[in-house]
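Colleague: Before I use these labels, I would like to see each one set against its cut-off.

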Amino acid sequence: DGIVDWLVSRMPALPQTFIEFGVEDYKESNTRLLLQLRNWQGLVMDGSESHIRDIRDQDIYWRYGLNAECAFINQDNINSLLEAGGMVGAVGLLSVDIDGNDYWIWKSIEVVSPAIVAIEYNAVLGDLHALTIPYQVDFQRTKAHHSNLYFGASLPALIQLGKQKGYTFVGTTSTGCNAFFVKKELLNDRVKEQSIEKGFYRNKFREARDQNGNLTYSDEKKERDIIFKLPLIEV
């Protein structure tokens with residue numbers, strides 16, 4: 001929330017609209033602050049019908065301009081889902097967090113042009129190589145590998161993709177979770193490009209699990225030993 005608010009306050013005249021998918025019940029999200037504090041409006045999507053029902057039952061759903069839709073997002077449907085949700089053209093912020101095909105979904109988005117993009121990166125993949133999981137239409141992180149570490153893309157991969165789409169990397173959360181990008185033409189003397197050397201943070205999460213689903217509290221080396229034995233694509 002602090003980073004989102006900092007960026008928005010230093011980039012005047014942004015469209016006051018947002019898109020976020022992979023929101024679960026929306027009680028922990030990247031756009032709720034924009035909805036409640038800044039009175040933006042937006043579209044949120046999640047693959048769970050129960051999560052969407054929960055969002056629609058919350059007070060925020062009638063108090064603010066929020067549209068919540070149930071959808072399992074893939075490369076082929078993302079643009080039509082955005083159009084059906086009334087999102088085309090310029091928007092203020094896009095947040096991508098689906099614990100899987102994040103790289104491929106951002107690459108596929110064409111119908112909207114966000115000023116700011118927040119996207120989760122997999123810090124276990126490190127800061128040296130542009131890596132992502134192979135695209136799999138029905139990918140689910142908890143089923144893909146028991147460790148729960150196999151998902152998403154490395155920060156270098158997202159920075160490279162961002163450049164291809166006209167975005168500049170401006171930083172990450174210090175928890176090593178979300179990366180932030182701004183349209184190149186919207187940079188100013190306060191919102192500036194960040195180097196990967198200064199912007200990359202390794203996460204402190206110890207969420208690796210054994211084959212029985214129990215947390216192992218593995219260190220960084222053990223986590224990397226697990227994930228680099230699995231299929232990855234250097235983009």
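This is a predicted model: local features need pLDDT of at least 70, side-chain atom pairs count only at pLDDT 80 or more; totals for chains, interfaces and linings use all residues.

Modeller: Residues are numbered from 1 along each chain as its sequence is written, and side-chain values use heavy atoms, with hydrogens and water left out.

Colleague: Why is Thr132 called buried?

Modeller: Buried means under 20% relative accessible area, exposed over 50%, and partly exposed in between (1.4 Å probe, protein chains only). Thr132 has a relative accessible area of 0%, so it is buried.

Colleague: What does Thr132 touch?

Modeller: With contact taken as heavy atoms within 4.5 Å, Thr132 touches Tyr103, Trp104, Gly152, Ala153, Leu232, Ile233 and Val235, leaving aside residues up to four places away in sequence. The side chain of Thr132 also reaches the backbone oxygen of Gly152 at 3.4 Å.

Colleague: What makes Glu207 and Arg141 a salt bridge?

Modeller: The rule asks for a side-chain nitrogen of Lys or Arg within 4 Å of a carboxyl oxygen of Asp or Glu. For Glu207 and Arg141 the N to O distance is 3.1 Å, so the pair meets the rule. Glu207 is in the loop between α9 and α10 and Arg141 in helix α7, 66 residues apart. Salt bridges with shared partners join Asp99, Arg141 and Glu207 into one network.

Colleague: What lines the second largest pocket, by class?

Modeller: The lining divides into 6 nonpolar, 3 polar and 2 charged residues. Ala, Val, Leu, Ile, Met, Phe, Trp, Tyr, Cys and Pro count as nonpolar, Asp, Glu, Lys and Arg as charged, and the others, Gly among them, as polar. A pocket here is an open set of points on a 1 Å grid over the protein atoms alone, where a 1.4 Å probe fits, with protein on both sides within 12 Å along at least five of seven lines; lining residues have an atom within 4 Å of a point. Trp6, Phe180 and Arg190 are among the lining residues.

Technical notes. A polar contact is a pair of N or O atoms within 3.5 Å; within protein, one must be able to donate a hydrogen and the other to accept it, and residues adjacent in sequence count only if both atoms are side-chain atoms. Helices (H or I, at least four residues) and strands (E, at least two) are DSSP runs, numbered from the N terminus.
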